[in-house]
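The following exercises concern the surroundings of selected side chains. Please work through each task before reading its solution.

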Amino acid sequence: MQSLLNMASFTIILHGLLLQTMWLFVGRRARDKYLGDIMSFRSPSSSLSRYYHWRVSSFQNALIEGSVFMIILIGSIILLTTTLYGFELMMSSSFIVFFIVFLSFISVMQHAWRVREVVDSQARIVASVGYSKDKIGVTREMVENLYLQGPMGDGRTWFALFRLAQRPDVIGWTIRDVLIETGKKEDTSFRRSNADSSSLSGSGPGIGP
């Protein structure tokens, strides 16, 4: 009996980890596809990209996705454990089930909260740019401040800016123009610095004839 209980617990843990890993893997693939699209100022071009676009569009969508995942997780654990070991052993392993569900719930809520932060960032940007008479100036200052922060800059704000750049209105066009302009400046500066470093490395003292 104890050995069966141990096997049931192991099966529940392994199944929970497998589902969680699959969910995270799909999410990362979808995020990469979506980032590639919005950073190229394209609409979502694949099913994964469209899925991620829907996923991060609102806090409610993130909660819906998390709820669906939790239902699948709980239902599949109950079905698998009951089928393999019987209802009594499944009930005896209820603490393990609760533990796996609790950890997954924390992961779901963390993701939903990150989506909420992105949505809040978008709302702040829209308010700042939308109510300003100098929309380009405000947007340019915002982007320059992010560049000054370097790699430690707020990734959520960058993400929100590129998402808003997809909007077919004045705010979206303004943000897109500033992002493209800043990107060209950074590219030119990077090429110039590379050219300067190359010329310096090749201009050492020579030996005359």
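**Exercise 1.** Determine which side chain makes a polar contact with the side chain of Arg167, and describe the surroundings of Arg167.

*Solution.*
1. The side chains of Arg167 and Asp169 form a polar contact at 2.6 Å. A polar contact is a pair of N or O atoms within 3.5 Å; within protein, one must be able to donate a hydrogen and the other to accept it, and residues adjacent in sequence count only if both atoms are side-chain atoms.
2. This is a predicted model: local features need pLDDT of at least 70, side-chain atom pairs count only at pLDDT 80 or more, and totals for chains, interfaces and linings use all residues. Residues are numbered from 1 along each chain as its sequence is written, and side-chain values use heavy atoms, with hydrogens and water left out.
3. Arg167 lies in the loop joining helix H7 (155-164) to helix H8 (170-201); helices (H or I, at least four residues) are DSSP runs numbered from the N terminus.
4. Leaving aside residues up to four places away in sequence, Arg167 touches Val126, Gly172, Trp173 and Arg176, where contact means heavy atoms within 4.5 Å.

**Exercise 2.** Is Ser107 buried or exposed, and which side chain does its side chain contact?

*Solution.*
1. Ser107 has a relative accessible area of 16% and is therefore buried (under 20%; exposed is over 50%, partly exposed in between; 1.4 Å probe, protein chains only).
2. Ser107 belongs to helix H5 (residues 94-130).
3. The side chain of Ser107 makes a polar contact of 2.9 Å with the side chain of Gln20.

Terms used
Helices (H or I, at least four residues) and strands (E, at least two) are DSSP runs, numbered from the N terminus.
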